[in-house]
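The sequence and structure are shown first.

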Amino acid sequence: LRIMASNGLILDNRFERQKGCAISLGAEFAFWHEAGWVRNVIVSGNSIHDVGTGSGILRPESYTMGAISLTARTEPESATYFEGNRFIMIENNTIDGCSVNGISISFACDITVQGNVIRDVNLAGSATAGSARGLSSLQPITIIKAAATLSNNRIE
């Protein structure tokens, strides 16, 4: 699910056995030069199982580094970034199985991540995934080039 719009709800969906991430929110400025920043969105109650199974998500130029990815596709060599994605709540989701991070947040501020259950993520163990964009990490919840508040998330 690729969202490049503001003011919405992503509630109670099931995502299973996908090659890429399950939910991607954010602008696309590098190739297509379309859409803008995402603001005022709630991602809640979604069930995500066995995603990120394709090789594309593991490439150094990948920008969707989590089962739920809040990001912006920018030029990889750009050293600057803008926290344009704002006022996003990611809550009460279950993520069970992903080759990369459970939740990845970049190019964002005023983000709340709470009450999520995350298990069996970073299954590929690839430190090079996203490295061309400075988004490499092997954590269940990753915050790079962003600011977010985390509470009551359960990592299993």
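Ile118 stands opposite Ile155 in β15. Strand β12 (residues 117-119) and β15 pair in the parallel sense over 2 bridges. Strands are DSSP runs (E, at least two residues), numbered from the N terminus, and two of them count as paired if DSSP finds at least two bridges between them.

These strands belong to an open sheet of 5 strands with the order β3-β6-β9-β12-β15 and parallel pairing. The edges are formed by β3 (14-18) and β15 (154-155); each has a single partner strand, so one side of each is left without a neighbour in the sheet.

## Basis of the model

The model is predicted: local features need pLDDT of at least 70, side-chain atom pairs count only at pLDDT 80 or more, and totals for chains, interfaces and linings use all residues. Residues are numbered from 1 along each chain as its sequence is written, and side-chain values use heavy atoms, with hydrogens and water left out.

The parallel strands β1 and β4 are joined by 2 bridges, and Arg2 stands opposite Ser24 in β4.

Leu25 is in contact (heavy atoms within 4.5 Å) with Arg2, Ile3, Ile10, Val38, Val41, Val43, Ser69, Leu70 and Thr71, leaving aside its neighbours within four places in sequence.

## Positive phi values

Arg17, found in strand β3, has a phi near 50°, a positive value in a residue other than glycine. Arg17 counts as exposed because its relative accessibility is 63%; exposed means over 50% relative accessible area, buried under 20%, and partly exposed in between (1.4 Å probe, protein chains only).

Phe107 lies in the loop between β10 and β11. Its phi is near 55°, again positive in a residue other than glycine. At 3% relative accessibility, Phe107 counts as buried.

Technical notes:
Helices (H or I, at least four residues) and strands (E, at least two) are DSSP runs, numbered from the N terminus.
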